[in-house]
Amino acid sequence: MKIEFYDEFFSIEPFSDNNEGNSFKDRFIRSKMTNGKIYKFVAFTENEQLNSKKLSMLELQQFWASSYDYFEDKREVLRPYNKCKVRWYTKTSQQYLDYMFSTVNEMNDISCFTYELSDFMWEEYANRGNGFCMEFDLINSDKFFPVIYLDKNKLDYTNEIIKSFEIIKSFTLSKNDSRIIGKLAILPWVTKDLEFQRENELRFLCGDNYDQEDGPMGGKIAAGKKKLLGYKGIEYSFEYAGLILRKVYIGPDCIKEKEVLDICHRIEIPTKML
């Protein structure tokens, strides 16, 4: 199955001196930005503790990246493959395969952005106008990946999974091998069913919370670890993600309008009432 953008992205030689892959990705992302900006919607609810957290993050110029366990779409990180064929060629059990993919799924936390302001996004992701939307300049797109909408039932990772086991056993990693590993590591996070295409989504993917032994994940990855620890996600600064906040749009039914206005005044960010 052909996948827009990613077929060409993964055909580019990895680890090249001029970082051609990331440059190609950056050009594609910017071609999708309708006015040179990207946006993130934040909803307020009846949960005052969570509302306070969202206001605090705005003042600290942070955003939330969530563990995929807490995403509403239960087909997130779907990897369709021929289970019988993979078990046969890899000489592994289904239990082991399930454990392996569960472990891999622990790696990234996700934060969702979009390329444009739209009534649909206000309705679905800012609680029908009860929230705000942040407008950003995207300075560095390295940790951002475009979402491609397609029929996920037509995806098939069978050959890539079998090849990945061969790579592991050989203890070598060619340039072509890197492409296969890249597909398995990235594609499940950035392909979504066609029913979601109105989201026009761009995703921030980051697993950096595993880097430090004194970090929230203790420097070690394991299947189901985040859920076991009650870990739901982590804050990242706009600066760390390569973002500059330029404007905040306040929804027409925002219950925290005054608080948002006060924060934006303190951090010297323009606002616009809708």
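Trainee: How many salt bridges does a search of the whole structure find?

Mentor: The search finds 15 salt bridges. Please bear in mind that this is a predicted model.

Trainee: Which side chain meets Asp137 in a salt bridge?

Mentor: That of Lys37, with N to O at 2.5 Å. Asp137 belongs to strand β4 (residues 131-138), whereas Lys37 sits in the loop between α2 (20-32) and β1 (38-43), 100 residues apart.

Trainee: Is Asp137 buried or exposed?

Mentor: Asp137 counts as buried because its relative accessibility is 14%, under the 20% cut-off. Lys37 also counts as buried, at 18%.

Trainee: And what does Lys256 form with Glu48?

Mentor: A salt bridge, with the closest N and O atoms 2.7 Å apart. Lys256 is in the loop between β10 (243-250) and α11, and Glu48 is in helix α3 (residues 48-59), so the pair ties together parts 208 residues apart in sequence. Lys256 counts as buried at 12% relative accessibility, while Glu48, at 39%, counts as partly exposed.

Trainee: Turning to α11, which of its residues are buried?

Mentor: In helix α11 (residues 257-266), they are Val260, Ile263 and Cys264. These residues lie on the same side of α11, because they cover an arc of only 95 degrees around the axis.

Trainee: Which exposed residues does the face turned away from the buried side carry?

Mentor: That face of α11 carries Lys258 and His265.

Trainee: One last topic: which residues form the negative surface patch?

Mentor: Glu72, Asp119, Glu123 and Glu124 form that patch. Glu72 lies in the loop between β2 (62-67) and α4 (83-90), and is exposed, with a relative accessible area of 79%.

Definitions and conventions. Residues numbered from 1 in each chain as written. Predicted model: local features only at pLDDT ≥ 70, side-chain atom pairs only at ≥ 80, totals over all residues. Heavy atoms only, no water. Patch = residues over 30% accessible without salt bridge, like charges linked within 9 Å, V, L, I, M, F, W, Y side chains within 5 Å. Areas by Shrake-Rupley, 256 points an atom, 1.4 Å probe, with all protein chains shown as cover. Salt bridge = Lys/Arg side-chain N within 4 Å of Asp/Glu carboxyl O. Lys, Arg positive; Asp, Glu negative; His and termini not counted. Charge placed at Lys NZ, Arg CZ, Asp CG, Glu CD. Helix = DSSP H or I, 4+ residues; strand = E, 2+ residues; numbered from the N terminus. Buried < 20%, exposed > 50% of the residue type's maximum accessible area, 1.4 Å probe, protein only. Arc of directions from axis to C-beta.
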